[in-house]
There are 2 protein chains.
Amino acid sequence: MAPSPIIFYDMPSNLEINVWSPNTWKTRYALNIKGIPYKTEWVEFPDIEAVALKIGAPATGTKDGKPTYTLPIINDPNTGKIISDSFLIAEYLDATYPGKPTLFPPGTKPLIAALESGIINALGGLFMMQLAVTYSILNPRSQEYFRRTREASFGKKIEEFSPVGPVRDADLAKGKAAFTTVDGWLAKSEGKFVLGDTISYADCVLAGWFIWIKTTNPNWKDMATWHNGRWATHLENVEKAGYASMQ
Amino acid sequence: MAPSPIIFYDMPSNLEINVWSPNTWKTRYALNIKGIPYKTEWVEFPDIEAVALKIGAPATGTKDGKPTYTLPIINDPNTGKIISDSFLIAEYLDATYPGKPTLFPPGTKPLIAALESGIINALGGLFMMQLAVTYSILNPRSQEYFRRTREASFGKKIEEFSPVGPVRDADLAKGKAAFTTVDGWLAKSEGKFVLGDTISYADCVLAGWFIWIKTTNPNWKDMATWHNGRWATHLENVEKAGYASMQ
């Protein structure tokens, strides 16, 4: 019997494609690679906690001693399982649907976790720029929430996160330098994806971060030329293989 | 025909086991895993450049526009190839001796490179402490060279790198916190080695860094208890499997 569609909780925006979050993109890619049917439920930022509590999704962190909730979350009606966190969701999908393509070839989980940490480290100043540009593509309900929470986290106005001019130029230069290290790792690939010609969750991670940049960052045209076009080419390869589709 | 022993250039010390360098340990583990016969040539620090130039080994970096040379270096009489840099040596061994156990399972090179960067990042203040304690286990010829070059690099006396007291305590605390991240990655392994129950170059990297700490650091007894003993246990597993042997 064909499985019932997984319910996939994602965040909307004013982008034509709607999805923008690097973390929910990872899950969308993973579901597409596995070929598992799913249905997207769109949740604005201030509604995430209520949705998570209503369906009984696990918290993904704590703040001031209280649990915090983030997307992606999936609700799998075939098993009754509700999973939060993109990495844990990918592990769940491989374990629950082993007959489908594999997200983690044997033994690669610790290494893909290391790659993800390395990419997040490399983001550095680009991350602050990304928060600033993301604000402008959110819907009003999420904008208000995003501004309030991110300004509290970083102790300054969103407009000061990476202001256009010398600060943003420095963020871009530092970002480019940091990604030279990641480029060195990926240059060791013997194919068009991270692990060669076989797609894996490593590609979900890499493409998740860069599609966020591509769809929101006004400097993307320049960034697409960095490192011989590695980041733009990888996104194209993921898209051409059909893994960026929407359900 | 059995291959002729590879000549493996390594650095001596006053430790009973002689070898101490994390980078040459990686190559020693790799040669042992591959089961390739080798013969160690011991080279004191100030002699590395002359040996490298004499045998025509590639430089591994530049300083003030001039090439710099480091160990490990291998000279393979079976192919006439001379290779510098532990990662490049491991790649060479897999490519040249494909019938032997594999250091890089298919597709894992970029990921193992990411893991190595992640471990080096995590070292942080521990790295400065390691330079300080390494000084004391070197032979006099290398000590003089090591002091002169490292003090020039870091702009202070070796005795100030991580002095016993509050600075070293802080280095240890930061090191422990940073390795909590690496522990999170490795907790995803489904076996006793990084990739599960199969040894790989990822284990050479991990064990290379931690055997350096174990054999030189006066705080090892405490560090061996960190993260449920992960670092000490991993070293034991590598040793029990026979990969820490000397030729």
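In the predicted model, 23 residues of chain B are in contact with 23 residues of chain A, contact meaning heavy atoms within 4.5 Å. The two chains bury about 1,800 Å² between them. Buried area is the accessible area (1.4 Å probe) that two parts lose on being put together, summed over both. Carbon and sulfur atoms carry 69% of the area buried between chain B and chain A. This is a predicted model, in which local features need pLDDT of at least 70 and side-chain atom pairs count only at pLDDT 80 or more, while totals for chains, interfaces and linings use all residues. Residues are numbered from 1 along each chain as its sequence is written, chains are lettered from A and ligands numbered from 1 in the order in which they are written, and side-chain values use heavy atoms, with hydrogens and water left out.

Four salt bridges cross the interface of chain B and chain A. The criterion is a side-chain nitrogen of Lys or Arg within 4 Å of a carboxyl oxygen of Asp or Glu. B:Glu190 forms a salt bridge with A:Lys109, and the closest N and O atoms are 3.1 Å apart.

On the side of chain B that touches chain A, helix 3 (86-96), helix 4 (109-135) and helix 6 (166-186) of chain B each supply at least two residues. Helices (H or I, at least four residues) and strands (E, at least two) are DSSP runs, numbered from the N terminus. Helix 4 of chain B gives the largest share, nine residues. By class, this side of chain B has 13 nonpolar, six polar and four charged residues. Ala, Val, Leu, Ile, Met, Phe, Trp, Tyr, Cys and Pro count as nonpolar, Asp, Glu, Lys and Arg as charged, and the others, Gly among them, as polar.

Over all chains, the structure holds 30 aromatic pairs. Rings of Phe, Tyr and Trp (its six-membered ring) pair if their centres lie within 6.5 Å; planes under 30 degrees apart count as stacked, over 60 as edge-to-face and the rest as tilted. The pair of A:Trp20 and A:Phe45 is tilted, because the ring centres are 6.1 Å apart and the planes stand at 45 degrees. This pair links distant parts of the chain, 25 residues apart. A:Trp20 is in the loop between strand 1 (6-10) and helix 1 (22-34) of chain A, and A:Phe45 is in the loop between strand 2 (38-42) and helix 2 (48-55) of chain A. Both A:Trp20 and A:Phe45 are buried. Buried means under 20% relative accessible area, exposed over 50%, partly exposed in between (1.4 Å probe, protein chains only). A:Phe179 and A:Trp231 form an edge-to-face pair, 5.3 Å centre to centre with 65 degrees between the planes. This pair too links distant parts of the chain: A:Phe179 is in helix 6 (residues 166-186) and A:Trp231 in helix 9 (residues 226-240) of chain A, 52 residues apart. A:Phe179 counts as buried at 0% relative accessibility, and A:Trp231 counts as buried at 1%. Ring pairs also link A:Trp20, A:Phe45, A:Phe127, A:Tyr145, A:Phe146, A:Trp209 and A:Trp212 into a cluster.

Helix 3 (residues 86-96) of chain A is mostly covered, with eight of its 11 residues buried. Among them are A:Phe87, A:Ile89, A:Tyr92 and A:Leu93. The buried residues of this helix pack against elements of chain A including strand 1, helix 1, helix 4 (109-135) and helix 7 (201-216). At the start of helix 3 of chain A, a side-chain oxygen of A:Asp85 reaches to within 3.0 Å of the backbone nitrogen of A:Phe87.

B:Met246 lies in the segment after helix 9 (226-240) of chain B. B:Met246 is partly exposed, at 36% relative accessible area. B:Met246 touches B:Ile17, B:Val19, B:Arg28, B:Tyr38 and B:Trp42, not counting residues up to four places away in sequence.

The peptide bond from A:Leu71 to A:Pro72 is cis, with omega near 10 degrees. A:His227, in helix 9 of chain A, has a positive phi of about 50 degrees although it is not a glycine.

Methods
Polar contact = N/O pair within 3.5 Å; in protein donor to acceptor, adjacent residues only side chain to side chain.
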